[in-house]
Amino acid sequence: MSDINADAWVSSGHRPMGFPEFVVVIASIMALNPLAMDMMLPALPNIRSAFQIADANRPQMVLSIFLVGFGVGQFVMGPLSDRFGRRPVLLGGMTVYTIAGLLAIMAPSFETLLLARALQGLGTAATRVIATSIVRDCYAGRRMASVMSLAMMVFIAVPVIAPSFGQAVMLLTHWRGIFVLLMIYGVIALAWSALRMPETLPLELRKSLAIPDVLSAFRQTITNRTTLGYALAAGGVQGSLFAFVFSSQQIFTEIFKLGHYFPVAFAACAVGVAIAGFLNSRIVGRIGMRVISHAALTGFAVVAGALLLAVKTDTLSLPLFMVLAGLMMFAFGLMMANFTALAMEPQGKIAGTASSLYGTITTLLGIGIGTTIGQDYDGTLLPFATGFFLCTLAALAVVLVTEKGRMFRPHHHPI
């Protein structure tokens, strides 16, 4: 970090890009994932109708199978990028994403569509892992958390507007038009990255792909108390979020009868994440990652308890649900960038592999939890409220164990 000082802390590792362009490019390639995820939400009833699917919860697989590809893909992308560099793996993943979009456009059956979605998830695994690794290559400590927060602010603004984009596309054309738009965005992001994103991993820091070396890097990652602890906690928190996303279309249209206004309600809830990302980028340097994320996790638990209580006592109105969901998203936004930075902080020498394993653990754990809760949807909010509360308690317990009971205390590392 010799190229960073108190007055000019912008890394030279991402030249020729300046700082604003670097943040925007990182956010834009990370946004491939939430765009491909959340633009599909309004299309689920149309997909069910198009393929004559009997089970009302089965269209959720369009979301969950995408995340399976995303979770499994992360497992290999990090070691590949540690060996061959960030650029080839990033560009290869984005190419797979684009080709998968073409397959989805032409899919003749639900099964083919699911295959295309799995491949799209695989492609976005590269963008997420490599984006995190590139940031770690260029920045460390609270500065990394600040950069990640700025990127996450742009990146998380995407789920706020993506369902509305999806709804708008379907007002103009067929649901397959969503995949056309996703493919076009993928091509633009691929071209921008190919032209402007430099290689940030020097040749002398590349790692071997020999099995013992890869296993050693994996072992170094999962045996680190901080990395594993925050990965498990993030997985539990993401399980709550995935459950909300998977069930959101049914919750807003069936329970609260919002119909085509569902994307507006979803956006109103999700805007809290973008606000939290911006706030975190401004305060993390002064307050620290642990203090902010621990406070947010505590708030997350309070919101989960309030939601479950309101459901159990049959006092949950739409306005109350919107407030609680917005607070849930706000707390989530304060947690995730800091959990990621805390988990990655000890892993500078194997950032790609560590980012891979972290992403795989958090995503697959989140999918398993989110799918279980989503498939339990029974026309009421009880399955979601119960699952949300249990996930949050588990995440809180994991963080307590990880920090040996010392919550809200900043650790002072030189950066």
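**Reading the model**

Modeller: Let us begin with the surface. The accessible surface of the protein comes to about 16000 Å², and 68% of that area belongs to carbon and sulfur atoms. Such areas come from the Shrake-Rupley method with a 1.4 Å probe, and for residues only the protein chains shown count as cover. This is a predicted model, in which local features need pLDDT of at least 70 and side-chain atom pairs count only at pLDDT 80 or more, while totals for chains, interfaces and linings use all residues. Residues are numbered from 1 along each chain as its sequence is written, and side-chain values use heavy atoms, with hydrogens and water left out.

Colleague: How many helices and strands are there in the protein?

Modeller: Helices (H or I, at least four residues) and strands (E, at least two) are DSSP runs, numbered from the N terminus. The protein has 15 helices and zero strands.

Colleague: What radius of gyration does the protein have, and what would a compact globule have?

Modeller: The radius is taken over C-alpha atoms, and the globule rule is 2.2 Å times the number of residues to the power 0.38. For 415 residues a compact globule would have a value near 22 Å; the protein has 20 Å, which agrees. Its C-alpha trace spans about 55 × 50 × 40 Å along the principal axes.

Colleague: Is Pro212 buried or exposed?

Modeller: Buried means under 20% relative accessible area, exposed over 50%, and partly exposed in between (1.4 Å probe, protein chains only). Pro212, in helix 9 (residues 211-222), counts as exposed because its relative accessibility is 59%. Of the 415 residues of the protein, 57% count as buried.

Colleague: Which residues does Gln250 touch?

Modeller: Contact means heavy atoms within 4.5 Å. Leaving aside residues up to four places away in sequence, Gln250 touches Ala56, Asn57, Gln60, Ile255 and Tyr377. Gln250 lies in helix 10 (residues 225-255) and is buried, with a relative accessible area of 5%. Across the protein, 85% of contacts between residues at least 6 apart in sequence join residues at least 24 apart.
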